[in-house]
Amino acid sequence: MENLIREAILEHAETLFGTAVEETMIQFQKTRRDIKGDLTLVVFPFVKLLRTSPIEAGNKIGEFLTSQLDFIESHEVISGFLNLSFTDSYWTGRLGEIDADDHFGYEPANSRSRIMVEYSSPNTNKPLHLGHLRNIFLGYSVSEILKARGHKVVKTQIINDRGIHICKSMLAWQKFSPVNEHGERETPENTGIKGDKLVGKYYVEFDKRLNEEATSILEAWESGSFEGYSEEVIGEVKRLSGSRDGKDEKTIAGINGKIKELAKNATDLFREAKEMLIRWEARDPETYLLWSAMNGWVYSGFEDTYETMGVDFDKLYYESDTYLIGKDMVAEGLQKGVFFKKEDGSVWIDLTEDGLDEKLLLRSDGTAVYMTQDVGTAFDRYRDYPDLDGIIYTVGNEQDYHFKVLFLILDKLGYSWAKNCYHLSYGMVELRNSEGEVGKMKSREGTVVDADDLMSDVIEAATEMTKARGHIAGMSDEEKETLFKTIGLGGLKYYLLKVDPRRGMAFNPEESIELNGNTGPFIQYAHARIQSLLRKAGEVSTLSNQNEIGDQEKELVKHLSEFPAVMEEAAISYSPALVANYTYELVKMFNHFYQTVDILKEENETAKLRRLVLSRSVGKVIRNAMNTLGINVPQRM
RNA sequence: GGCUCCGUAGCUCAACUGUAUAGAGCACUGGAUUUCGGCUCCAGCGGUUGCAGGUUAGAAUCCUGCCGGAGUCACCA
């Protein structure tokens, strides 16, 4: 109805103001809750045209609109804001429309362009952790929101299955895994350990052994023994050691860190890992076989985790394929003169004119880097889906710079679609204990929160709560299992999605399983209660010819009416948080309504029907909203 | 140090991207109701929106400068 009002003003601008008005002058906002009215027009822009006070200007426009449009019942001007009130029958009409539309808030499927959303994209050398959970829930939810708004969506991930980090796990397994009585090394089958956990275990093992070896090298260096190391390394270590004199603690720690890096690079273990990578790139059969076996373990582990999470993918890309495409593109760019080669053979792009610096695309030994692969992946995706309207990369904000460079490179290579690539950058999840201390998640220090562990923890907490307070009598064991999972994961997903993605957030394990306040289970409970109400009510017909409505009901209908706009806003800004907060507000309003108004006990049949239809609509919107967050809402709990 | 992002109640977060008295939850204090599902509702407490200027009829929001925090500046991914 904003459009109707806007048109009316534009059409009659000459008579009202004596001149045409810009469309941008007509600004609407929601009427404050504590003020009478259903929609507010900001008067300030018109004050100058009319050369009167804001109050007079507002009244003039208000009188005009009230006489012109039959759904406007009255108006009131308060300090420069024109508050318009709509008739009751307008609102009962709205309620009827919402009730009749099962897909309220959604646009018809496939009515809009195709968009690809990348999320998860794990390394295949260690299990998923809390940081991945935010990434995956966010990417999945953005996909579902875009789908709900009519887009064709391709959910994808790039699997980082190539590189030195994979070789570390492989090497550690090969060297350090115990051999059983059958002469086999540890596998998921013979140990019962989940595949990704097993591979992760050897990644940690590698790091431990590397540190041990590096420490003994450091000790040797400190005592002045440098035998067996290259001139280059020795010189660098001596230079760094000398530069520590007279520096403050922080600087010295930084220098010591650099020396330690040198020591790590000088270890036999690291050298072996590098050799293994070279063998892999050369397709050495034994190495390749081990690589695919261990990756297979990881994939089956990830699959289990994804299934628990309730997320899926339409199309997978593997770095081990796309880095080759990337290398071809680098060669092509080199010919075009977009890139240049240094004397040592490494390939670079100069971005200094764009305010960035030089960036490496190919190492001097000809092997690919992270950027090479990403360039190839983007190209591959547009080749697979020529009608793509954009790619959304769900990746943490520590990679802001990387994506800025990536998109710039694609643009310079002449791909017009580069401008449609978007980095959905989200903030880090910090871990917070009950004392409120913030800790970083570091896999080496054992402070990571494992994704599987966390999910089973929240499900367990939900199980206890529900057994103690829920209405689950008569449910089968399977139904109960599903319900506990729904509640536990619903809570976790909501907890991670309700915060604006761009912001960093604190993760408090205790809060994540809370059931009151702004939480998933609070919303799920409201839905279950509505369904219970409707079951008790029996058959509820549709609404017709009602033209009265209570104040609280009107507030609810008003809020329901905003749902499509909120969904659209969430789709534009890629922000599930908007949907979450909208739904929470809706539930609070409904609980208030439910607490103060009789529904089943109401004797007036007209009012009873209207309230039941309203409850049904609220339930539907809760369901439609939560579905886009990947959260199920139970019938009872 | 350069660049990027961020500082809102004790804590976790909102604020339609510039508008009326900056809102919720948790925690704390008090109350309602034991009902159509108490995982409910109502009230109170709590703020100089990091600081100082500027632009505007109007600033948490835009600009400048400080202060504080995070990230990033790899032939790692």
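Me: Before we look at anything else, what does "buried" mean for a residue?

Reply: A residue is buried when its relative accessible area is under 20%, exposed when that area is over 50%, and partly exposed in between. Keep in mind that this is a predicted model. With that cut-off, helix H21, residues 551-561, is mostly covered, since 8 of its 11 residues are buried.

Me: Which residues of H21 are buried?

Reply: They are Glu553, Lys554, Leu556, Val557, Lys558, His559, Leu560 and Ser561.

Me: And what covers the buried residues of H21?

Reply: The cover includes helix H5 (88-100), helix H22 (563-573), H23 and helix H24 (605-628).

Me: Good, now let's step back. How many helices and strands does chain A have?

Reply: Chain A has 24 helices and 15 strands. Its C-alpha atoms fill a box of roughly 95 × 65 × 55 Å along the principal axes. Of its 637 residues, 50% count as buried.

Me: What share of the contacts in chain A with a separation of 6 or more comes from residues 24 or more positions apart?

Reply: Those residues account for 73% of such contacts.

Me: At what angle do the axes of H14 and H15 cross?

Reply: They cross at roughly 95 degrees, and the axes of helix H14 (residues 319-336) and helix H15 (residues 370-384) come within 7 Å. That angle makes H14 roughly perpendicular to H15. On the H14 side, the residues that meet H15 are Glu319, Thr322, Tyr323, Ile325, Gly326, Lys327, Met329 and Val330. Their partners in H15 are Thr372, Gln373, Val375, Gly376, Thr377, Phe379, Asp380 and Arg383. By class, the contact of H14 with H15 divides into 6 nonpolar, 6 polar and 4 charged residues.

Me: Does Arg383 count as buried, partly exposed or exposed?

Reply: Arg383 counts as partly exposed because its relative accessibility is 49%. To place Arg383 in the fold, note that its C-alpha atom is separated by 33 Å from that of Ala577, 194 residues apart along the chain.

Me: Where do Ser121 and Asn545 lie?

Reply: Ser121 is in the loop between strand E5 (112-118) and helix H6 (130-148), while Asn545 is in the loop between H20 and H21. Ser121 is buried, with a relative accessible area of 16%, whereas Asn545 counts as exposed at 80% relative accessibility.

Me: Last topic, the RNA. Which residues come nearest to RNA strand B?

Reply: Of the 61 residues around RNA strand B, the nearest are Asp344, His471, Tyr525, Lys536 and Tyr594. Strand E4 (81-86), helix H7 (164-176), strand E15 (505-507), helix H20 (520-537) and helix H23 (576-596) each supply at least two of its residues.

Me: Which parts of RNA strand B lie within 4 Å of the protein?

Reply: Of the RNA atoms within 4 Å, 63% belong to sugar or phosphate and the rest to bases. For the phosphate side, a polar side-chain atom of His592 lies 3.0 Å from a phosphate oxygen. For the bases, a polar side-chain atom of Ser364 lies 2.9 Å from a base nitrogen, and a polar backbone atom of Ile599 is 3.2 Å from a base nitrogen.

Technical notes. Residues are numbered from 1 along each chain as its sequence is written. Chains are lettered from A and ligands numbered from 1 in the order in which they are written. This is a predicted model: local features need pLDDT of at least 70, side-chain atom pairs count only at pLDDT 80 or more; totals for chains, interfaces and linings use all residues. Side-chain values use heavy atoms; hydrogens and water are left out. A residue is near a molecule or strand if one of its heavy atoms lies within 4 Å of it. A polar contact is a pair of N or O atoms within 3.5 Å; within protein, one must be able to donate a hydrogen and the other to accept it, and residues adjacent in sequence count only if both atoms are side-chain atoms. Helices (H or I, at least four residues) and strands (E, at least two) are DSSP runs, numbered from the N terminus. Buried means under 20% relative accessible area, exposed over 50%, partly exposed in between (1.4 Å probe, protein chains only). Contact means heavy atoms within 4.5 Å. Axes are lines fitted to C-alpha atoms, for helices over the stretch in contact, and angles run from 0 to 180 degrees between N-to-C directions. Angles under 35 degrees count as roughly parallel, over 145 as roughly antiparallel, 65 to 115 as roughly perpendicular and the rest as oblique. Ala, Val, Leu, Ile, Met, Phe, Trp, Tyr, Cys and Pro count as nonpolar, Asp, Glu, Lys and Arg as charged, and the others, Gly among them, as polar.
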